[in-house]
Amino acid sequence: MVHPLDIRKKALENHIPIMQEEGIHFIVQYIQEHSITSILEIGSAVGYSAISFALAHEQVKVTTIERDFDRYQEALMNIQNLNLENRITILYEDALESVIEEKFDLIFIDAAKSQYIKFFEKYKENLNEHGTIITDNLSFHGMVEDPSLTHNRNTRQLVGKIRNYIEFLKNNEEFDTTFYSLGDGISVSIKK
């Protein structure tokens, strides 16, 4: 039987971007403290965060979307190895094209950073009343706070898009957002 820490170790060895430990612990605690039972995750990677969320407590059900076929396959295998198929549904799709009707207590955005605003706008309608959207990677390895750490044009453009997303959250009338410098920078946006 695979252990979540084995999944984490293998992902890090293969340079697959997964959530930092501190960020995972924060969200798992948030799930437990707010009695969250339904989660939509944008960006599965190898299933590490979805599995961690599902293991927060037995009532949690996660729907997660991944567009990279190899990562989708590996996530599916990890979910099956932990016998969590009845609590985690993984969709092999592009999140910007997915059609999801369900409502969720929590939406977790951890996919293409350049698309964060689009993901937020698209999926905010899938939130239950007073639901929460949590976003990861808002520090982007410290580059958002310190642009001198960026070394190429693509990275600078990405940092600019993350900055735009932070401004978008700060000015959003529909949500109250709190920023945390945990892990790689996390925002918690609660529907007013």
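**First stop: S44**

Select S44 and display its surroundings: leaving out residues up to four places away in sequence, S44 touches T64, I65, E66 and I90, a contact being heavy atoms within 4.5 Å. This is a predicted model, in which local features need pLDDT of at least 70 and side-chain atom pairs count only at pLDDT 80 or more, while totals for chains, interfaces and linings use all residues. Residues are numbered from 1 along each chain as its sequence is written, and side-chain values use heavy atoms, with hydrogens and water left out.

S44 lies in the loop between β1 (38-42) and α3 (48-54); helices (H or I, at least four residues) and strands (E, at least two) are DSSP runs, numbered from the N terminus. With a relative accessible area of 3%, S44 is buried (buried is under 20%, exposed over 50%, partly exposed in between, with a 1.4 Å probe and protein chains only).

**Second stop: R87**

Move to R87, in the loop between α4 (69-81) and β3 (88-92). Which side chain of opposite charge is nearest to R87? It is E58, 6.4 Å away, and the buried R87 has no salt bridge (a side-chain nitrogen of Lys or Arg within 4 Å of a carboxyl oxygen of Asp or Glu). The backbone oxygen of E58, however, lies 3.4 Å from a polar atom of the R87 side chain. Apart from neighbours within four places in sequence, the contacts of R87 include A54, L55, H57 and V60.

Select residues 153-170, which form helix α6. At the start of α6, a side-chain oxygen of N152 reaches to within 3.2 Å of the backbone nitrogen of N154.

Now colour the buried residues of α6: T155, V159, I162, Y165, I166, F168 and L169. These buried residues pack against β4 (104-109), α5 (116-123), β5 (127-135), β6 (175-180) and β7 (186-191).

Select β6 and β7, which form a hairpin with five residues between them. The two strands pair in the antiparallel sense over six bridges (pairing requires that DSSP finds at least two bridges). Y180 stands opposite I186 in β7. In the turn, G183 has a positive phi of about 55°.

Technical notes:
Expected span 1.5 Å × (residues − 1). Polar contact = N/O pair within 3.5 Å; in protein donor to acceptor, adjacent residues only side chain to side chain. Lys, Arg positive; Asp, Glu negative; His and termini not counted.
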